[in-house]
Amino acid sequence: MTDAPPAFDLLPGADASPVVLHVPHAARRIPPAVRAGLVPDDEKLARELDHITDAHTDSLAEAAAGLAAVPPWRFVNRLSRLVVDPERFPDEREEMTAVGMGAVYTRTSHREVLRAGGTDPEPLVERYFRPYARAMTEAVAGRLAATGRAVIIDVHSYPTEPLPYELHGAGPRPPVCLGTDGFHTSPELLAAAREAFAPCGETGLDSPFSGTYVPLDFYGKRAEVGALMVEIRRDTYMSEPGGPAGPGLSRLATSLAALVDAVSG
């Protein structure tokens with residue numbers, strides 16, 4: 001038995017909803033045993049969390065769920081991505097490994113040392129990454145079983161100015177970036193997102209971040225699983241880096257709820 005808070009939560013929505021709002025990077029919590037393996041001192045670690053955390057995206061998803069006519073399901077990571085990043089491939093397929101930011105980061109967003117050289121990622125992958133992947137797979141399977149389809153909307157944010165770790169930071173940085181997948185992002189889903197977020201300013205495509213999250217059991221195999229990544233530029237809703245949310249959050253929540261409703265029918 002343990003009194004430790006959960007590493008992630010599946011928050012139920014309506015039985016008839018196919019939508020899972022996935023919030024992987026909103027948390028700052030790092031368990032003490034994991035903290036012991038991180039090199040930066042507390043001050044530097046706090047600064048790194050300011051830069052790397054998608055602050056307030058859990059609140060955004062919660063507000064949108066409350067506004068939606070058909071409440072979506074929410075899958076929320078309760079641990080920092082510095083523990084493990086559930087959206088990375090845990091093997092050689094992951095391009096971010098080139099900058100030390102695969103499933104288990106060894107470098108910070110500023111390319112400084114986060115974990116000592118030679119750190120074995122496998123214990124963290126086994127303890128945190130694989131249970132998360134299994135639970136997300138089950139959440140999507142549940143929507144498929146209940147509704148015949150699933151729509152994963154991946155909720156992220158990104159800084160106004162590129163951070164040194166970004167591999168594709170030289171491109172446009174619109175208020176809302178929509179990340180797509182050639183198999184899982186249908187033209188209808190993309191059009192619904194563009195319309196829903198139009199009140200928030202320009203929507204761009206796959207820059208500065210591209211792709212979207214689909215559990216590997218369904219990836220490239222099940223067209224009934226739709227997916228879209230919504231990346232929101234942080235200056236539109238918060239003080240950077242790591243500061244409080246502002247009035248832009250409610251406007252974004254209204255738009256996210258409109259997207260949820262558009263794809264729920």
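## The main nonpolar core

The largest nonpolar core has 35 residues, and those touching the most other members are Ile 153, Phe 197, Val 230, Leu 256 and Leu 259. A nonpolar core here is a set of buried Ala, Val, Leu, Ile, Met, Phe, Trp, Tyr and Cys residues joined through side-chain atoms within 4.5 Å, where buried means under 20% relative accessible area, exposed means over 50%, and partly exposed lies in between, with a 1.4 Å probe and protein chains only. This is a predicted model, in which local features need pLDDT of at least 70 and side-chain atom pairs count only at pLDDT 80 or more, while totals for chains, interfaces and linings use all residues. Residues are numbered from 1 along each chain as its sequence is written, and side-chain values use heavy atoms, with hydrogens and water left out.

The element names follow DSSP runs numbered from the N terminus, with helices (H or I) of at least four residues and strands (E) of at least two. A second, separate core of 27 residues includes Ile 30, Leu 82, Tyr 105 and Leu 124. In soluble globular proteins, nonpolar side chains tend to be buried together.

## Helix α6 and its partner α5

Helix α5 (residues 187-197) packs against helix α6 (residues 248-264) at an angle of about 150 degrees, and their axes are 8 Å apart. The axes are lines fitted to C-alpha atoms, for helices over the stretch in contact, and the angles run from 0 to 180 degrees between N-to-C directions. The two helices α5 and α6 are therefore roughly antiparallel to each other, given that angles under 35 degrees count as roughly parallel, over 145 as roughly antiparallel, 65 to 115 as roughly perpendicular and the rest as oblique. The crossing in which α5 passes α6 is right-handed; a crossing has this name if the near helix is turned clockwise from the far one by less than a right angle, and is left-handed if anticlockwise.

On the α5 side the contact is made by Leu 189, Ala 192, Ala 193, Ala 196 and Phe 197, and on the α6 side by Leu 252, Ser 255, Leu 256, Ala 258, Leu 259, Ala 262 and Val 263, with contact meaning heavy atoms within 4.5 Å. By class, the contact of α5 with α6 holds 11 nonpolar residues, one polar residue and no charged residues, where Ala, Val, Leu, Ile, Met, Phe, Trp, Tyr, Cys and Pro count as nonpolar, Asp, Glu, Lys and Arg as charged, and the others, Gly among them, as polar.

## Helix α6 and its partner α3

Helices α3 and α6 also pack with their axes 8 Å apart, at an angle of about 55 degrees, and that makes α3 oblique to α6. Their crossing is right-handed. The contact is formed by Ser 59, Leu 60, Ala 61, Ala 63, Ala 64 and Leu 67 of α3 together with Leu 249, Leu 252, Ala 253, Thr 254, Leu 256 and Ala 257 of α6, and these residues divide into 10 nonpolar, two polar and no charged.

Leu 256, leaving aside its neighbours within four places in sequence, is in contact with Leu 21, Leu 60, Ala 61, Ala 64, Ile 153, Val 155 and Phe 197.

## Ile 152 and Tyr 213

Ile 152 belongs to strand β4 and is buried, with a relative accessible area of 0%. Not counting residues up to four places away in sequence, Ile 152 touches Val 20, His 22, Met 136, Val 140, Tyr 213, Val 214, Pro 215, Val 225, Gly 226, Ala 227 and Leu 228.

Tyr 213, one of these contacts of Ile 152, is found in the loop between β6 (203-205) and β7 and counts as buried at 10% relative accessibility. Tyr 213 touches His 22, Pro 86, Glu 87, Ala 133, Met 136, Ile 152, Asp 154 and Ala 227, again leaving out residues up to four places away in sequence. From C-alpha to C-alpha, Tyr 213 and His 22 are 8.6 Å apart in space, although 191 residues separate them in sequence.

## Backbone details in the loops

The peptide bond from Ser 207 to Pro 208 is cis, with omega near 15 degrees, and Pro 208 is found in the loop between β6 and β7. The peptide bond from Glu 240 to Pro 241 is also cis, with omega near -15 degrees, and Pro 241 is in the loop between β7 and α6.

Asp 206, in the loop between β6 and β7, has phi near 60 degrees, a positive value in a residue other than glycine, and counts as partly exposed at 27% relative accessibility. Arg 111 has phi near 65 degrees, likewise positive in a residue other than glycine; Arg 111 lies in the loop between β3 (73-77) and α4 (122-147) and is partly exposed, with a relative accessible area of 41%.
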